[in-house]
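These are my notebook entries on one protein chain. I record here what I looked up, topic by topic.

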Amino acid sequence: MSPPRKKSTRFAVVFLLAFLAVTSGAVSCSQSTAETSWFQNYQTLIAAIVGALAVIIARPTLRRLRKAARARKRSELHEEQEFQRATLSERQDDTERKYIRGLEKEHRHIQLFGFQSAANISVRTLDVFVSLRLTRPRMHAVAGHSEPEFVQEEQGTLAPEVLLKHAFRKNRLLLLIGDPGSGKTTLLRYFALNALDPHGRKKLGLERYHVPIILPLRKVDPGKRFCDALSEWATKKNHEVSPDLFETWLTSRGALVMLDGLDEISSAADRKGVCEWIDNACNAYPGSQFILTSRYSGYKVAEGIKITTDHVQAEVLDLNDEQQEIFLRKWFAAVYRDELEIEGNGEQAQDCDPDEQAGEVSDAVRKFLRKPENESLRTLAGSPVLLQIMAILWKEYRGLVSGRAALYEKATEYLLDRRDRVRGIEPKLPAEQAKILLRPLALMMQESLKTDDLSRTDFIAFLKDRIEEVQPGLTPEDFVKNLCDRSGLIKEFGEQGYIFSHKSFREFLAAGQLAEEIQRQPKRVQVLIRNFDDSWWREPIFFALTLPKPVILPDFLDRFLPDKKHAATFPPLLDQIIREAPQKSIVPFEKILLDGRYSWQSKFNAVMCLRLVGSKAATDLLTRLLERAKDAKLQGRVRDILTDRLGDISMDLQSESGSISILPSATTVEARAHPVSAQPFHNSVERNAEYIRIKGGEFTYSVDKQTVQTDDLYFAKYPVTNKRYRRFIAYLAGSLDDEPAKAFPAKRFRESLLENVADDKEFADYLSKKDNWAELLRSRLDDDKRFNSDDQPVVAVAWYAARAYCHWLTALSQVQSEEGEGETFRLPTETEWEWAASGGERPYPWGKAKPSKEHANYGEQVGQTTPVGAYPTGATPDGLQDVAGNVWEWMENLYRDKDFPAARALRGGSWFDFVVNLQCSARSGIHPVDRFVYGFRVVRAQS
């Protein structure tokens, strides 16, 4: 088809030819009819032709005019739309600028306790507060499956920036878990500030600008849309950001959404709902990244409180020694600068160097903490909040009190009272009177309201009726202002609310009130018993039972130990409470242990508590129980505790009826209960650790379905504990001063082990990594308070370290042997382990019953390893303990996988594993250098 212009041209030519033809005819006609003009005769035709020609000629012009008019109209409409968009964008940009300014102002500084004024220290300098360990994804080994998921990851700790890069490389959510006061919220502030500038974003691995959003989860309603909840919170913080603008940020711009404090939601059901709400948000906004924080107690996979979105889980570690030094120096320097500013620029002030003063005081604190008698305080110093409290107390009192509850008590007294008095300022209320008001308030928030923050109206209303009884004339408003401005215990929350500066202070004060009420009304102790397993109550219960005064632990134990609800297993929280209790009376345990009316499990729990009481009275009570106990499991545990307590000092004890031996004979109750086993073997070079003889036999091996034969073998009753493994590390470090160590010095051991592994190049190369073998072979989690108690199984040791420990036992045994041969100790093979665990027929070590919390520690029900022997119901018929759950155990043999030829086998599952890994046939494998949460059990080969 021809273009319109060419078509118009053709019409014009046709009409011109027609016009010429007509005019030619008209001329000839005029010659014959002269009297009539041709123009007159054809006037109408000529007008029509001229009009047609005009139309034809004008048509393109008209088309161009119409087109231009339409284009002009579209342009005007586009300009109007662009103007509207620009106006809206300008409004959005203005809102975003205000939001960012407010966010930066709010989180740029962090308030430290102990200052005379509102001095602050930049959050950017507080990366020393936290050190992060990246926990690897769970291994999904299935029973009998030959190809588990192998994981290769970085070892040790990661800086926050490296962690975030790693987490967001393949995942969109980072889950941060930590203890109270470990610095989780501070870390979110650090991330938010870095997200605001290009250099910081580069450090965090964010390829483009992400709008930082920090949302405390305690006030979230999971029934609301995600952006509605964000807008509601922003409005409370005086940031007028609409839900639609948040939607734009999350979808088009991308946001770094930091969701803080899952554990601060009091109800477990509500926490489940919030987790689902977060999962839905992650799915709805794929262009944004998410970070979620929680205490260990608030994130319970076993209870369904979990995130299903692909994520990386990391743990906030305690501050190490170097980080503690940096923190103390910064804290003291900030305090001394603050004091100089207040005192002015006098001659004395000019002579003071805050940094020099800070260094001297910091060194003094650390020297104090390094003393052997202050080991418990040294452990607590890993928490940034507790270390800050220690710094306050050291500065004011030049000394520290022992125990977490005592530290909080002293710090609260200082913040409420002493800080002002030493500067000549009269506090609004003395500390004891202030606590009369704050303790019931904190308990009301804990027990009735189940909240961490309170509206200003409710806060004032609560104090109004009570404050007149304490100090007539003092208004609630003045008291609250003093709490905010001077003590720092309370701070404003949003525009119309208050919150304790740190949740742990509210929990401590609530515990103090509850302890006083229990002392007055003993039946009130049921609040602690009823809520003992509730994560919302964990810290208040701990504080209440470990307070220096009033001491309510004996009354609590009288009612708690016989309670059927809690008698099924030994609660890990009870273990921690007994360890830190300032006063450990044996009276509650004596009532339970010597009374035949109570169940063996109640008595077992009492024995587990009693093992932590180091008094002579406790040893005497255990000795009496050893004579009287009729239950094999209970008698065996008592004997193990006495053996471990006395070590190789003495194996005989004096009782009321004369001398008794704590080592069993072939006719003991346990031997009669387990006829398959002969007399146990106690290893004298391992502080008399017990080994149980497992008779050999024939069975079908689960891996290849072949029939195999195993020989008689002695298996260690328990996995190697931290206490026993630390003796090995102390030996390597040259600090173990006993006869075996003197007879076989560490230098000879090194030579012996290197000679033993000469044909194993990988093993030899591993040992050559460091000259300091004590450092090379120590547990990576030796300073982690969740895993490092004496009775917990040692974890985070490489296969090479486990083999070295076995060689050490063998070498010491040979030195002690009169014949010079001794015993041979090693790791078990998979076939040996499976036979000992299953007897060739049991699906689980204990039998056919489905696993429960009475049988083993698994599925993150506890959240950490437990003391060995805490699950006697889960023992094998031969008496082996902790075979399933608690900790994966290294095997002697290779895993034999073509893709991972160096991998060594693992058996038994662990505290974080799925129930399938508790089966006797379940197995996995990992590289022998790996030091995740793997431990080991030793076997003694038959002579």
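In what order do the five strands of the open sheet run? I read the order β15-β16-β19-β25-β20, with antiparallel pairing. The edge strands are β15 (681-683) and β20 (825-826), and each of them pairs on one side only. I counted two strands as paired if DSSP finds at least two bridges between them. Helices (H or I, at least four residues) and strands (E, at least two) are DSSP runs, numbered from the N terminus.

I noted the basis of the entries before going on. The model is predicted, so local features need pLDDT of at least 70 and side-chain atom pairs count only at pLDDT 80 or more, while totals for chains, interfaces and linings use all residues. Residues are numbered from 1 along each chain as its sequence is written, and side-chain values use heavy atoms, with hydrogens and water left out.

**Whole chain.** I found 35 helices and 25 strands in the protein chain. Of its 943 residues, 55% count as buried; buried means under 20% relative accessible area, exposed over 50%, and partly exposed in between (1.4 Å probe, protein chains only). I then turned to contacts, defined as heavy atoms within 4.5 Å. Among contacts with a separation of 6 or more, 70% join residues 24 or more positions apart.

**Strand pairs.** Within the sheet, I examined β16 (residues 689-694) and β19 (residues 713-716), which pair in the antiparallel sense over four bridges. Ile694 has Leu713 of β19 as its bridge partner. I next looked at β17 (residues 697-700) and β18 (residues 707-710), also an antiparallel pair with four bridges. Thr710 in β18 is the bridge partner of Gly697. Gly697 and Phe699 form the covered face of β17, whereas Glu698 and Thr700 form the uncovered one. Six residues lie between the strands of this hairpin, and Lys705 takes a positive phi near 60°.

**Aromatic rings.** How many aromatic pairs does the structure hold? I recorded 48. Rings of Phe, Tyr and Trp (its six-membered ring) pair if their centres lie within 6.5 Å; planes under 30 degrees apart count as stacked, over 60 as edge-to-face and the rest as tilted. The pair of Phe332 and Tyr336 is stacked, because the ring centres are 6.2 Å apart and the planes stand at 20°. Both residues belong to helix α10 (residues 321-343), four residues apart, about one turn of the helix. Phe332 is buried at 0% relative accessibility, and Tyr336 is buried at 7%.

I compared this with Tyr725 and Phe936, whose ring centres are 6.1 Å apart and whose planes are at 75°, so the pair is edge-to-face. This pair links distant parts of the chain, 211 residues apart: Tyr725 lies in helix α29 (residues 722-733), and Phe936 in the loop between β24 (934-935) and β25 (939-941). Tyr725 is buried at 2%, as is Phe936 at 1%. Both belong to a cluster linked by ring pairs, together with Phe728, Tyr731, Phe749, Trp773, Tyr805 and Trp808.

**Charges over rings.** I required NZ of Lys or CZ of Arg within 6 Å of the ring centre and within 35 degrees of the ring normal. The charged end of Arg750 sits over the ring of Trp773, 4.2 Å from its centre. Lys410 has its charged end over the ring of Tyr397, 4.9 Å from the centre.

**Cysteines.** I searched for disulfides, meaning pairs of cysteine sulfur atoms within 2.5 Å, and the count is zero. Cys275 is buried at 1% relative accessible area, whereas Cys484 is partly exposed at 21%.
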